[in-house]
Structure formats: C-alpha cells, structure tokens
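Thanks for coming, everyone. Let me put the structure up, and then we will walk through it piece by piece.

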Amino acid sequence: MGNKTFTIIKPDAFGAGNSGPIIEKIEKAGFNIENMRLLKLDEDSASKFYSVHKEKPFFGRLCDYMCSGPIIVMELNKENAVEDFRKLIGATNPEDAEEGTIRKLFATSIEANAIHGSDSDENAEIEINFFFN
Ligand code: CMP
C-alpha cells in the first residue's frame with residue numbers, strides 16, 4: 001500500500017471557481033499537498049499524459065478538453081492514498097458517483113468530471129514524475 005497519489009483539478013472545475021472548495025475537501029480528508037502547480041497543457045503533453053487511452057474513441061476529445069483551460073496538478077500524501085482518494089472523488093461518470101463525493105458535487109459530465117485521481121501506486125509514481133521532475 002503506497003502513500004502517494006496524483007490529482008488534476010480539471011478545466012471545468014478550475015473555470016467554475018471550484019478549486020478552493022475541492023482543495024478544502026482534499027485537505028479535510030487528511031491528504032497533505034506535497035507539490036502543486038497551476039498550468040495549461042498543450043496538445044503534445046496531453047496526448048503523452050493520456051497515451052494509455054490513445055486507442056479509445058474519446059481520446060481526441062479528452063486531449064482537447066484537457067487543454068481548454070488552466071488546470072491544477074498536485075502530488076498528495078496520505079496512508080493508502082490511491083484507494084482513499086478514489087473514494088473521495090467518486091466514480092468517473094458523475095451520474096454514478098456517490099453523494100458527497102467531489103465528482104457528485106462538482107462534475108457535469110463523464111468528460112468534464114472535475115478531477116483526476118491515479119488508479120494505482122505505479123501510475124501515481126508515473127504521473128507525479130510527469131509533472132514534478
Ligand atoms: P480520468 O480517469 O481522470 O482520466 C481519463 C478520462 O477520460 C476520464 O477521467 C474521463 O474524463 C475520460 N473518459 C473516460 N471514459 C470516457 C468516455 N466514455 N467518454 C468521454 N470521456 C471519458
């Protein structure tokens with residue numbers, strides 16, 4: 001069980017002014033912010049970051065969307081970080097997300113789903129290194 005995860009506050013949530021409430025929920029849930037950056041992705045970086053999805057029908061739209069406005073990327077620390085963070089954010093599709101989760105509260109669609117969370121310790125490491133090394 002690892003103690004690191006990686007998150008992105010996506011363009012929809014940042015643009016709607018929801019970064020503050022989202023960060024508050026993350027900290028109140030016991031995560032420590034180890035690293036944080038505000039940035040705007042370009043298409044090249046977005047397609048590298050999401051290369052695991054490159055055969056998916058939504059890949060082009062996903063990359064365009066992730067480049068559509070500023071994002072906040074964070075490295076987070078907590079015991080059992082990956083699993084606990086995925087519980088905090090809820091299901092990928094906000095329609096399926098539980099009450100009180102970040103996506104239920106702030107996401108508007110499966111694409112504009114407010115926030116990303118790493119799906120494994122291995123990917124957390126890769127994603128942290130992508131933005132912070
Ligand atoms: P996330 O898990 O953060 O990273 C991959 C993203 O792809 C995911 O969030 C969704 O925003 C997006 N995604 C996944 N499935 C679909 C889908 N069926 N249609 C559109 N976007 C999707």
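Salt bridges come to six here, where a salt bridge is a side-chain nitrogen of Lys or Arg within 4 Å of a carboxyl oxygen of Asp or Glu. A word on the ground rules: this is a predicted model, local features need pLDDT of at least 70, side-chain atom pairs count only at pLDDT 80 or more, and totals for chains, interfaces and linings use all residues. Residues are numbered from 1 along each chain as its sequence is written, and side-chain values use heavy atoms, with hydrogens and water left out.

Start with Lys28 and Glu24. Their side chains form a salt bridge, at 2.8 Å from N to O. Both sit in helix α2, residues 19-28, four residues apart, which is about one turn of the helix. Helices (H or I, at least four residues) and strands (E, at least two) are DSSP runs, numbered from the N terminus.

How open are these two? Buried means under 20% relative accessible area, exposed over 50%, and partly exposed in between, with a 1.4 Å probe and protein chains only. Lys28 is exposed, at 67% relative accessibility. Glu24 is partly exposed, at 43%.

Stay on α2. Which of its residues are buried? Ser19, Ile22, Ile23 and Ile26 are. Seen down the axis of α2, the buried residues fall within an arc of 95°, so they line one face of the helix. The arc is that of the directions from the helix axis to the C-beta atoms. Just after α2 comes Gly30, with a positive phi of about 100°.

Next pair: Glu111 and Arg61. They form a salt bridge, with the closest N and O atoms 3.2 Å apart. Glu111 is in the loop between α6 (102-106) and β4 (115-117), while Arg61 is in helix α4 (residues 59-66), so this pair ties together parts that are 50 residues apart in sequence. Glu111 is partly exposed, at 25% relative accessible area. Arg61 is exposed, at 53%.

One more. Asp84 and Lys78 make a salt bridge, with their closest N and O atoms 2.6 Å apart. Lys78 is partly exposed, at 22% relative accessibility.

Now the ligand. For Lys10, a side-chain N or O atom is 2.9 Å from a ligand oxygen. For His116, that distance is 2.8 Å. For Asn113, a polar side-chain atom lies 3.4 Å from a ligand oxygen.

On to cysteines. How many disulfides does the structure hold? Zero, taking a disulfide as a pair of cysteine sulfur atoms within 2.5 Å. Cys63 is buried, at 3% relative accessible area. Cys67 is buried too, at 11%.

Last stop: Thr101, in the loop between α5 (81-89) and α6. Thr101 is buried, at 7% relative accessible area. Leaving aside neighbours within four places in sequence, Thr101 is in contact (heavy atoms within 4.5 Å) with Lys87, Leu88, Ile89 and Gly90.

Notes: A polar contact is a pair of N or O atoms within 3.5 Å; within protein, one must be able to donate a hydrogen and the other to accept it, and residues adjacent in sequence count only if both atoms are side-chain atoms.
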